[in-house]
Amino acid sequence: CRNKCCRKAVEMKKIILLYLYFFLVLDLLLGFLLKYLNLSFFLNPGQIVRGILLISLLIVFFFDIQNRISPITAYLLILICFFIIFLSVLFLRFKSPLLLFEEFSHISKILFILFLIYYISKHHEYFFAKLPKIIQVNFIIFSLAIIFGYFTGAGLSTYSYIEGSSKGMFYGGNPVSILSLVYFTYYLFNLRFRLKNILFVCIALFNIHIISTKAVFVVPIIFLFYLLDRFLKERLANKAIFAFLMISIVFISYFLVVPEVVNLYENRYSKVLKRSYRVYQKRERVFEIPITAPLEMIAYRRPMAARMQFSDMFQKPQFLFLGFGHTGQRDFWIGQNMSYHDASMDFFDVIFQYGICGGFLIFIVIFATVFNILLNLQTDRNSIIVLLLFLYSFFGGHVISAMTSGTIFALFIGIKHGEIENQKRWEPEILRKIKKKLSWLER
């Protein structure tokens, strides 16, 4: 029986690994069917695949809690109870099975990402070992789709008003934007003076150029973090030499590259910002604080939508703790005669959908992981990618509720959370051994 359980555990790892290798192929299929061919399904292929995986993860979870209830399993149990209560209240309020199914479909997206985090966290060493291969396979699929769409025109435009922008055949624009930054960060932090490494960094930059979202303005910040990480890891004797070389490279690059970058900005990226700035000038300010003005200029719709949602929420305190639900949010924006149905920021949308209680429960593991990274001032590759995904999710667009970017987020959060929990388990044991070895001093 024990051997049978071990075999099933190995098989489940392989199934999740297979999904992590090819989840982008699934997104390409969805983009082709739902966006390019404009077909509709009661259950699309993505929902079917992830539904089956969620059921499998739930079975593994319920087997696990029979042996031991850890903090993360206790948290997930509370979250399941919360959603059962939420759906019950929703059904009693509207008595609509169709609405209940639609709401459950959206909740299952969030549960899939959180249970994927749990499973990867539990087997973090296994998935950490497989990480280079996972990223490489996904990067090749991603790059081929983006570049092929760009040169052939057989893809979906990122923006209709930017000629030549392309997201390949991928379903969503935000997930493609954040994935391009993740791959650039991953290969930049892995940069070695070998042809393959340099080529991958160049391709990642070319992908960002093709997609043409505002994510391009994050690239210099990522590069600065890379320099900081390299500087901190250099030996003390080499730090002065490294600092001199980096300053020289930046100084020379400024005079050689800046004129080309300015031209590229004027011809391509300025259209995105000018469009946002025109909207910013026409509308009222979201916050009367000077420090928020740049954010409003770059992405006016998001902070304005978040403010409108929170204003409505505080006017109806009965929704403060349990929220309006995904369907309630959609109805709210239809009532505002808007073409969009959310604020496109995970934290603000989740709070509106599931209230303070739901928001706290959904984000607690993510917040704990991010807080640990900040507390320990970690600047390694995986930590920077987690922070990048978190900040993008908070201010830039949907990450958790978009299955493509949510999967990559679950992968890095799961590995990082697993490392943190493993460190917590080992620290008391290490301290005990040190105390035992030094016990002779007390004699």
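Author: Helices here are DSSP runs of H or I at least four residues long, and strands are E runs of at least two, numbered from the N terminus. This is a predicted model, so to speak: local features need pLDDT of at least 70, side-chain atom pairs need 80 or more, and totals for chains, interfaces and linings use all residues. Residues count from 1 along each chain as its sequence is written, and side-chain values use heavy atoms, leaving out hydrogens and water.

Reader: Which helix holds F32, and what is its relative accessibility?

Author: F32 sits in helix α1, residues 2-36. It counts as partly exposed (buried is under 20% relative accessible area, exposed over 50%, partly exposed in between, with a 1.4 Å probe and protein chains only). The F32 value is 32%.

Reader: Where is N38, and what is its phi?

Author: N38 is in the loop between α1 and α2 (45-67). It's exposed, at 63% relative accessible area. Though N38 is not a glycine, its phi is positive, about 60°.

Reader: And what is the phi of L377?

Author: L377 lies in the loop between α13 (346-375) and α14 (381-396). At 71% relative accessibility, L377 is exposed. L377 isn't glycine either, yet its phi is positive, near 50°.
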